[in-house]
Amino acid sequence: MVAAVRRGALCDNGKVDTSLMVGPNLLGALTYFDLISTMCVLALVIPNFSRTTTEANFSTPVNVVLSVVALGVYAVFLTAQMGRYSNLYTERESLVIHDDGDQEADEQGLTLWKAATLLVVGLLVVCLIAESMGQLIETGITDLGLPSSLAGVLVAILILAPEALNAVQAASQGEVQRSINTLYGSVVATVSLTVPAVLVLGVITNTDVILGLEPFEMVLLALTLILSYPHPRLTGIEGLMKLVIFLFWILLQVA
């Protein structure tokens with residue numbers, strides 16, 4: 001939406017010129033959607049209908065298969081993204097808005113090892129900050145009498161803030177694919193890596209793990225996935241509706 005405003009009028013003789021509207025590399029965006037929707041349903045919805053346990057979880061053998069599948073799918077996805085299908089995740093340059101000096105900066109860029117080093121350092125800094133503030137956030141939530149789940153949400157927001165800011169900046173420049181790579185890539189990694197990690201920790205600590213969502217959360221997840229289906233052109237309304245869903249999720253947690 002911001003990119004469209006910066007481009008100016010999108011209408012010509014009363015007709016909307018959709019070629020000026022930002023859009024993702026559609027095939028790449030579809031792979032993200034397929035991975036996210038599949039893994040979310042398998043890990044967060046299907047456990048509620050498991051007939052092998054009384055809790056919203058699978059039996060141990062099924063959890064092992066789920067963990068192996070999640071890790072395997074993520075490994076295959078990364079291999080494809082960085083290998084023969086890398087062109088599916090590149091920006092459509094005709095839709096990118098370049099400010100003065102942007103092209104020169106892009107040409108200089110960062111070498112792979114420098115980018116990787118900065119990424120690791122940034123993640124360590126963010127994790128240390130989140131760890132130091134986690135107890136403070138949890139104490140504040142408890143003192144206010146709010147649900148403990150909100151503490152996890154606030155910590156997650158703190159950890160994901162750099163990615164979110166990068167995605168917003170990319171979207172404002174019309175770099176939709178970069179924004180999708182940042183946000184959707186984070187979701188794919190979260191689902192594919194967090195679920196196996198939680199299941200393993202549950203076994204080690206002898207803790208019952210509840211994978212399945214509450215009924216209202218499953219409905220919100222389904223609505224979010226529907227809105228996440230990639231479109232050839234974007235207006236920004238899709239993201240606005242996702243924010244509305246998130247707002248209602250917070251409201252239902254507090255109410």
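**Reading the terms in this model**

User: Which residues does Thr182 touch, not counting residues up to four places away in sequence?

Analyst: Thr182 touches Glu163, Asn166 and Ala167, where contact means heavy atoms within 4.5 Å. Please keep in mind that this is a predicted model, in which local features need pLDDT of at least 70, side-chain atom pairs count only at pLDDT 80 or more, and totals for chains, interfaces and linings use all residues. Residues are numbered from 1 along each chain as its sequence is written, and side-chain values use heavy atoms, with hydrogens and water left out.

User: Why does Thr182 count as buried?

Analyst: The relative accessibility of Thr182 is 16%, and buried means under 20% relative accessible area, exposed over 50%, and partly exposed in between, with a 1.4 Å probe and protein chains only. Thr182 therefore falls in the buried class. This residue sits in helix H7, and its C-alpha is 6.1 Å from that of Ala167, 15 residues apart along the chain.

User: What makes Val176 count as buried?

Analyst: Its value is 7%, which is under the 20% limit, so Val176 is buried. Val176 also belongs to helix H7, residues 176-204. Its C-alpha lies 9.8 Å from that of Thr90, although 86 residues separate them in sequence.

User: Why does Gln81 count as buried?

Analyst: Gln81 has 19% relative accessibility, and because the cut-off is under 20%, the buried label applies. Gln81 is part of helix H3. Leaving aside neighbours within four places in sequence, it contacts Tyr32, Ser86, Tyr89 and Asn181.

User: How many aromatic pairs does a search of the whole structure find, and which residues do ring pairs link into a cluster?

Analyst: The search finds 6 aromatic pairs. The cluster consists of Tyr32, Phe77, Tyr89 and Tyr184, linked by ring pairs.

User: How do you know that the reach of helix H9 is close to the expected one?

Analyst: H9 (residues 237-254) has 18 residues and reaches 26 Å from first to last C-alpha, close to the expected 26 Å. The expected span is 1.5 Å times one less than the number of residues. Helices (H or I, at least four residues) and strands (E, at least two) are DSSP runs, numbered from the N terminus; the protein has 9 helices and 2 strands.

User: Which residues of H9 are buried, and where do they pack?

Analyst: Glu238, Ile245 and Gln253 are the buried residues of H9. They cover an arc of only 75° around the axis, which puts them on the same side of H9; the arc is that of the directions from the helix axis to the C-beta atoms. These buried residues pack against helix H6 (149-172) and helix H8 (215-228), while Leu243 and Leu247 are exposed on the other side of H9.

User: Where in the protein is confidence lowest and where is it highest?

Analyst: Confidence here is pLDDT, the predictor's value for each residue, from 0 to 100. Helix H4 (residues 102-108) is lowest, with a mean of 47, and helix H2 (residues 26-45) is highest, at 91. Residues 1-5 have pLDDT below 50, with 11 contacts beyond near neighbours in sequence. Across the protein the average is 78, and 79% of the residues score at least 70.

Notes:
Phe/Tyr/Trp six-rings, centres within 6.5 Å; stacked < 30°, edge-to-face > 60°.
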